[in-house]
Amino acid sequence: MHRTLRRGHSNSGPIGMIVTPGNRPAIVIPRAAIADGPCEPRRSLNPDRQPAMETTFPGINGFLGTRASIMLDIVFLAMFAVVPVMAWSINLAKRGQYQLHKTVQLLLGVVLLVAVLLFELDMRFVTDWTVRAQPSPHYGSLVKPSLYVHLFFAIPTTFIWIYVIAMALRKFASPPRPNEYSATHRRWGKIAAIEMFMTAVTGWIFYYLAFVAS
Ligand code: HEM
């Protein structure tokens, strides 16, 4: 049987120092602080300031070492890939590589759709993000407004992307090349790209305020 020392707190009095008759300091450890079995998770003495990963949250923890769930971490990182890939793909169209532009945009569309679906399932049925965001010092102030700003971009982005892809597939030949629909596609393509960029930036800000700040 292992004897395990609980660090930093006890149920029956403080861990402290006394001075013995020989004037040699001795550390006093109350009996209740020596427990059998595994250590309990370490918790802050101040209940209002629980450090990031010391509390058990519902759902699966992420891998970035923040309070976020695994799906939040995946989406957070995926946006770092989506933005440059999208910029590269638009550049392909500018240089006349329309087929590659089409393939990359369709792949991005499918990846984003799957990510959004998994994310929604996770948020609805597994992870209560508010529990994970509560230790943030911004929880009562900036977290909710930053989420609304993020949703202001994220929700229209989904529909604009579906619209741009569906119309491009319908109006351009296969393999794609410029035609009378080009001007409309360029206009909506730019709006779709700007919306996606703003979705990513506002998502990163929300992630920081809710799951990183402490
Ligand atoms: C959400 C997905 C998409 C976005 C955000 C997007 C964005 C863009 C943008 C911004 C341009 C203009 C580039 C420039 O400044 O010259 C462009 C051009 C083009 N895109 Fe897309 N695109 C998407 C999907 C597609 C798809 C699925 C196809 C093919 C079916 C396609 C075919 C083209 C073609 C042919 C052009 C050249 C138009 C021209 O300059 O005449 N795009 N796209």
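Modeller: The chain has five helices and four strands (DSSP runs numbered from the N terminus, H or I of at least four residues for helices and E of at least two for strands), and from the N terminus on the elements run β-β-β-β-α-α-α-α-α. This is a predicted model, in which local features need pLDDT of at least 70 and side-chain atom pairs count only at pLDDT 80 or more, while totals for chains, interfaces and linings use all residues. Residues are numbered from 1 along each chain as its sequence is written.

Turning to the ligand, 25 residues surround it, and the closest are Ala93, Ala168, Pro178, Ser182 and Gly189; a residue is near a molecule if its C-beta atom, placed from the backbone, lies within 6 Å of it. The elements giving two or more residues to this shell are α1 (70-94), α2 (98-126), α4 (139-171) and α5 (182-212), and the largest share, seven residues, comes from α5. By class, the shell has 14 nonpolar, six polar and five charged residues, where Ala, Val, Leu, Ile, Met, Phe, Trp, Tyr, Cys and Pro count as nonpolar, Asp, Glu, Lys and Arg as charged, and the others, Gly among them, as polar.

Two of the helices that contribute to the shell, α2 and α4, have axes that come within 11 Å and cross at roughly 145 degrees (lines fitted to C-alpha atoms over the stretch in contact, with angles from 0 to 180 degrees between N-to-C directions). In their contact, Gln105, Leu106, Gly109, Leu112 and Val116 of α2 meet Thr158, Trp161 and Ile165 of α4, contact being C-beta atoms, placed from the backbone, within 7 Å. These residues divide into five nonpolar, three polar and no charged.

As for the nonpolar cores (sets of buried Ala, Val, Leu, Ile, Met, Phe, Trp, Tyr and Cys residues joined through C-beta atoms within 7 Å; buried means that 20 or more other C-beta atoms lie within 10 Å of a residue's own, all placed from the backbone), the largest has 13 residues, and Ala68, Leu72, Phe76, Ala133, Tyr207, Ala210 and Phe211 touch the most other members. The elements giving two or more residues to this core are α1, α3 (129-133) and α5, with α5 providing the largest share, five residues. A second, separate core of eight residues includes Met86, Trp161, Val164 and Ala193; Trp161 is also one of the α4 residues in the contact with α2. Across the chain, buried residues make up 19% of the 214 residues.

How values were computed. A residue is buried if 20 or more other C-beta atoms lie within 10 Å of its own, exposed if 12 or fewer, and partly exposed in between; C-beta atoms are placed from the backbone. Two residues are in contact if their C-beta atoms, placed from the backbone, lie within 7 Å.
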